[in-house]
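Take a look at the model below. We will go through its aromatic rings and then turn to a pocket.

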Amino acid sequence: MLIRLCYQLTFTRIHYTRFFVTNNYQKINIRLGLLLLLMASTWSVVAQFPGTNTNPSGGRGGFPSGPRTPQQQGDPSRDTLSQEVYIYYADNASERTLFQDSSLLNFHLYDPVRQGKYEYANLGNLGSAHRQLVYQPRFRRGFDAGFHHYDLYLTRADDIPFYELEKAYSDITFHQSSQEKTGFNANFSKPLVQNTYLGVRYRNIRNTGQYTNQASRTNSFITSFSYQSKNKKYRSYLSFISNTVEQKENGGGILNDGNFRKSILPVGRPVNTNTGESRYFERDLNYTHFYVLEKLPTLKKTKGDSLREMVTKGTEIDSLNLPTQSGVPDFTVPTPPPVASISETGRKFTAKHNLSLRKNTYKYFDESNLNYYDQFLVDDRGVRNYIETDQIENTFSLRTYKLAEKAPNFFVRNKDKSPDQKDLIEVGLTHTFTNINQEPIDSTVNNLFLFGKIAFTPSDRLRINTYGHFGTLRQIGDYYLKGDFLWDTRKLGKIELSVINQLYSPTLFQRSFYVFQQNVWQNDFKKTSETNLSASYSIPKFKVNLTANYHLIGNFIYQDASANPVQADGILNILQLKAENQIDVGRFHLQNTVYLQQASSDVIRFPEIYSIHRLYMDLRLFKVMKTQLGGEVRLNTPYLADNFQPLTGHFFQQNEQEVPLYPIADVFLNFRIQQFRFFLIIENLYDYFTPNFHYTSYPYAIPDSQMRFGFRWLFLD
């Protein structure tokens, strides 16, 4: 019996020693790889950061900054990928939700300009500059270089989702119309060691276009790490973001002449310039961390199991030298004490700090000496504009919030038992140092903003969010106030109210602009004041949503027909009405969205009526393939659509031709098998019935009819 026990003890020692060494070796490898990856990322950032840097947008994403990266329009009945995958954002990590995204609804909308709440217009080419078709206010805070016509293709720090999961999660999206017209998105997240998670995201658009010198290429690459201490008092989030937009700019120029359509291929049709190019780069190293100001509970030590009991249970033992008493081994091995951690629910107080190092560059050059550039042609060598901004930003804040266990929801198949955030109060300040290199002028800007946020949810049917900031130093007097009120009456529908009031300074582009180091304009504009009111009423039972928006803008700045910035006198009023509904008859579904807009002045131009109509049929093929087959059409009333000046990177007014009523019609096929989704779409069918070109931004023609396919595949393993 004694020999048998010794044998078991020896075998257990050897087995555990091998297990301990192997697993620690793997952990060392993982940590070493993580360290090397982090060092490589940091080195590449340092190599590109000779000074301090900036993000010209002044922030985007999250509640105070506006909508996050555009997502496909949602379906209230979306399936859940897994009850083990939670998604949250670093600005409010305590508010996490189950990851859900496997719907077929509008899956064929692959273009970012069509994926948001409000659609945009571009230059007719996937990945090109875009502008609003329906006016919406933009979040503004501090220094702003003024370049926002590629925002839909960029990723900001506030846009990065973090995942809490037990297995690796992968999400792959791809679409293509030809070999050189592709889009690719990849999202990967994996738990590492000690509550550490790795995330990698990549977005790419590569589109050569149909016309000469029209290629677009956008890239967005993100590496992120999240960490939570064992006692849950400390959380940190590190990310490195690289955004790149490269464009071949032809200035438009296609004419509505049937002879071009019949006798000349697209690459042979006339354009304004064959050699213009623009490049836009963003780099951001962002670090956010929280510390919970809460005392840890006191835990009592517990006596461990005896070695004999551990051997009997098959427990692996981390011991090679057993203590002895009078020459007899002591078979009582103390187990590691439990780690004290803060509670999952209750009132929390946290301190937050965010550090951001950002670098932006915008460059346009064209070696051609063309009359197309008009007043911008100040040098015989062509045109060139270069702006570089470097920024260091620090944010400090104190916040308190209350977590309460979420009640089970009968209508959710996979119960979300994560704590529910009942309220949030935060106060803090943000300091931003910006270094500006605007050939040939160098300057610096210091911004200091005080901000506060209050959000509370008295019940599962009522939510109120408020946010505000006030500027000092260089931007003294600038402010932003926002309040949201959401009430779900259940029987009578949902009511959403929103109000925004802000005062903001002109952008760098509006104040001054240089071409080949020569000043083209120098303006001393007043600050712009803006008030936005919004009310929305929806009845989910009848699938109806009605929205009314009212915008009141003072000292509005726009680009006139000569592409120069001009400040309008007086007050600009914009009234908008939006109506959405869905009609279901058996397998057939008809979706209608109509926008009505009216402005008090033509300094801002958009279609007075813009509508989207989508009819599709639900099918189930081969018993496992959920399928949608349908078509859609977009209509707008005639209006003077803006032109685009690639040198300045801004849209401006044109008075040459109205964009007529033109049905942009597509047909599509979507299907899904488990977590795999596929679409096939044929675009611009009306092209076969008219000899004329169509423009959403004059004179940039949209592509001829073309076919595109794509898929999305989610993995959890």
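**Rings and a pocket**

F556 is buried, and Y558 is buried too. Keep in mind that this is a predicted model. F556 and Y558 form a stacked aromatic pair, with 6.3 Å from centre to centre and 10° between the planes.

How many aromatic pairs does a search of the whole structure find? The search finds 35. Take Y118 and Y595. Their ring centres are 5.9 Å apart and their planes stand at 50°, so this pair is tilted. The cut-offs explain the label: planes under 30 degrees apart count as stacked, over 60 as edge-to-face, and the rest as tilted. Y118 lies in the loop between β2 (97-98) and β3 (120-122), while Y595 lies in strand β28 (residues 588-599), so the pair ties together parts that are 477 residues apart in sequence. Both Y118 and Y595 are buried.

K578 lies over the face of Y118, at 4.7 Å from the ring centre. Elsewhere, R381 lies over the face of F516, at 4.3 Å from the ring centre. Rings also gather in a group: one aromatic cluster is formed by F147, Y280, Y362, F376, F509, F513 and W521.

By type, the lining of the second largest pocket has 11 nonpolar, eight polar and nine charged residues.

Methods:
Residues numbered from 1 in each chain as written. Predicted model: local features only at pLDDT ≥ 70, side-chain atom pairs only at ≥ 80, totals over all residues. Heavy atoms only, no water. Phe/Tyr/Trp six-rings, centres within 6.5 Å; stacked < 30°, edge-to-face > 60°. Helix = DSSP H or I, 4+ residues; strand = E, 2+ residues; numbered from the N terminus. Buried < 20%, exposed > 50% of the residue type's maximum accessible area, 1.4 Å probe, protein only. Lys NZ or Arg CZ within 6 Å of the ring centre and 35° of its normal. Nonpolar A, V, L, I, M, F, W, Y, C, P; charged D, E, K, R; others polar.
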